Amino acid sequence: MLRQLLPALLTALPAFSASAADWQQRSIYQLVTDRFATTNGSYPSCDTEDRVYCGGTWQGVIRQLDYIQNMGFDAIWISPIVANLEGSTGDGESYHGYWTVDQNSLNSHFGNESDLLELSSQLHSRGMYLMLDVVVNHMAADTLPPDYVLFAPFNAESDFHTFCWITNYNNQTNVEQCWLGDDNVPLADCDTESDYVIDFFYKWIGDLVANYSADGLRIDTVKHVRSDFWPGFAEAAGVFTIGEVLDGDVDYVSTYTEVLDAVLDYPTYYQLFYAFESTSGSLSNLVSWVQQSQSTYKNGEFMTGSFLENQDNPRFQSVQTDQALVSNAISWPFIQDGIPILYYGQEQGYTGSNDPYNREALWLSGYVEDKPLVKLVRTLNAARKAAIAASSDYLSTVLTFPSVTSSTLAVYKQPMLALLTNGGSSSTPSWSVSSTDYSNGEELINVLTCDTLTAGSNGAVSVTGSEGMPQILLPTSVFNVTYCNELLSTY
Ligand code: ABC
Ligand code: CA
């Protein structure tokens, strides 16, 4: 009896769905499915320049979940899952997953339905979340005009905006209704004003989330669709939504914080990159962009995804390999108000520049865990988790900047005080913060070295660092020395 009832009961229950608040505590590992891991654990050659499928799969991701979880991530964001343009184009193959041709089928290069279901359930049994990447703005063709009958379900020219290339990013109608892509691969722009298209996508996203028990969505090309399309889409999805609005302007991005749960924090990303890419970067610009976002976005910076790298931009180490600057820059997403996102390969020190070079196969690193950046990431995740556990207010505490000089920056978010510098590895930074909520004499630990120090009166903290490295401080009552040493030594 019970055995018969149980499956029915389980499907009758509402799917467990993760809210924005649930996601805020998480830490996301972004991977390019084709480039992360293979089904059988083999390490095929993969030349990014060729822009072809290299063999990564959903089964491969399952195989390497320990690697991700050992670094302290509790969510993954994978490449778009639906069927793409097959074969070669003047822009290569659609290994990245963004060239949809059939909304209703899966991309067979990555596996089949049961593989994706297994990935979802394996993640959930580890207490991890699955974030799917979805594209509604366009479908991809390899001819212009496209051969519309090849698309599903939008197989008529009338399902798309009349062809024109996007030529003027200052003209929002042009951005929304003209086409991305190029002559090799035109991205036919869906008519997201048509009831047929709207109804399809709202139903589609609800089904997609339900079928794969997705916990959240990364939404592609958000600024290319009229903003009042999004609230209905997000509601139909019923899970956390984070939108890609590829723009460096806070005011521009801000409007999209009203229509989706969260945005990828592009404006701060640019300032973060500039601040640490050289010893003459501007830390005060980073500060002012953050403060502007804190006061402009609907939920301040809390509902943003913070990142240093992704599939569209040059990796940090393609412009700067000084490991002190790298370590400072990598630390940022883990110490700020939003949700940290780490793009796969950053932890292995990958150096690829622009697309397609920033999509290296991770297996070529051998998934080695005994590496400084892998350990740094693990410690950063652990420090953030410890801060969240120690203070129920941590996730709603707005970070402040108690000290900013031309080469040093103190970032404070009780109980964490992060001391950053862009002085580089030949510098000896020092920071002086005159007051915090630490008590006089409270013992603090730099989680990156496990060295301890003591706060002075008014919680003042004065520290001299070494070799341009950041210091991430927490009270030892929150992050003890033994735990710190364990994290640094095990792998
Ligand atoms: C392919 C080839 C490339 C080739 C390119 C022309 O065609 O692979 O080698 O160079 C997918 C694939 C790509 C592929 C594209 C096009 O499709 O991943 O490999 O490139 O076929 C999303 C995804 C992205 C994905 C798509 C398409 C969209 O993250 O991976 O690409 O589904 C625009 C869109 C943005 C999009 C991005 C690639 O293009 O808005 O959604 N990303 C300005 C514009 C932005 C624009 C950006 C890049 O340029 O404002 O809207 O992004 O073209 C700041 C400013 C910004 C400015 C930047 C550059 O500078 O504030 O406004 O962005 O300071
Ligand atoms: Ca559009």
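Student: How many of the 13 residues of α13 are buried?

Tutor: Before that, a word on the source: this is a predicted model, in which local features need pLDDT of at least 70 and side-chain atom pairs count only at pLDDT 80 or more, while totals for chains, interfaces and linings use all residues. Residues are numbered from 1 along each chain as its sequence is written, chains are lettered from A and ligands numbered from 1 in the order in which they are written, and side-chain values use heavy atoms, with hydrogens and water left out. As for α13, 12 of its 13 residues are buried, so the helix is largely enclosed by the rest of the structure. Buried means under 20% relative accessible area, exposed over 50%, and partly exposed in between, with a 1.4 Å probe and protein chains only.

Student: Which residues of α13 are the buried ones?

Tutor: Among them are W332, P333, F334 and I335, and the list also includes A324, L325 and V326.

Student: And how far does α13 reach from its first C-alpha to its last?

Tutor: Helix α13, residues 323-335, reaches 18 Å, close to the 18 Å expected at 1.5 Å a residue; that expected span is 1.5 Å times one less than the number of residues. Helices (H or I, at least four residues) and strands (E, at least two) are DSSP runs, numbered from the N terminus.

Student: What does D322 do at the start of α13?

Tutor: A side-chain oxygen of D322 comes to within 2.8 Å of the backbone nitrogen of A324.

Student: Now the ligand. Which residues are closest to ligand 1?

Tutor: The closest are K223, H224, E244, D312 and D355, out of 22 residues that surround ligand 1, where a residue counts as near if one of its heavy atoms lies within 4 Å.

Student: Where do the oxygen atoms of ligand 1 find R51, G248 and R359?

Tutor: An oxygen atom of ligand 1 is 2.9 Å from an N or O atom in the side chain of R51, and one is 3.0 Å from such an atom in the side chain of R359. With G248, an oxygen atom of ligand 1 is 2.8 Å from a polar backbone atom. The protein covers 69% of the 1100 Å² of accessible area that ligand 1 has on its own, by the Shrake-Rupley method with a 1.4 Å probe.

Student: Changing topic, how many salt bridges does the structure hold?

Tutor: The structure holds 16 salt bridges, a salt bridge being a side-chain nitrogen of Lys or Arg within 4 Å of a carboxyl oxygen of Asp or Glu. In one of them, the side chains of D133 and R218 meet at 3.0 Å, N to O. That pair links distant parts of the chain, with D133 in strand β5 (residues 129-134) and R218 in strand β9 (residues 216-219), 85 residues apart.

Student: Are D133 and R218 buried or exposed?

Tutor: Both D133 and R218 are buried, and D133, R218, D220 and E244 are linked in a network of salt bridges.

Student: What about R226 and E193?

Tutor: Their side chains meet in a salt bridge at 3.7 Å, N to O. R226 is buried, with a relative accessible area of 17%, whereas E193 is partly exposed at 32%.

Key: Polar contact = N/O pair within 3.5 Å; in protein donor to acceptor, adjacent residues only side chain to side chain.
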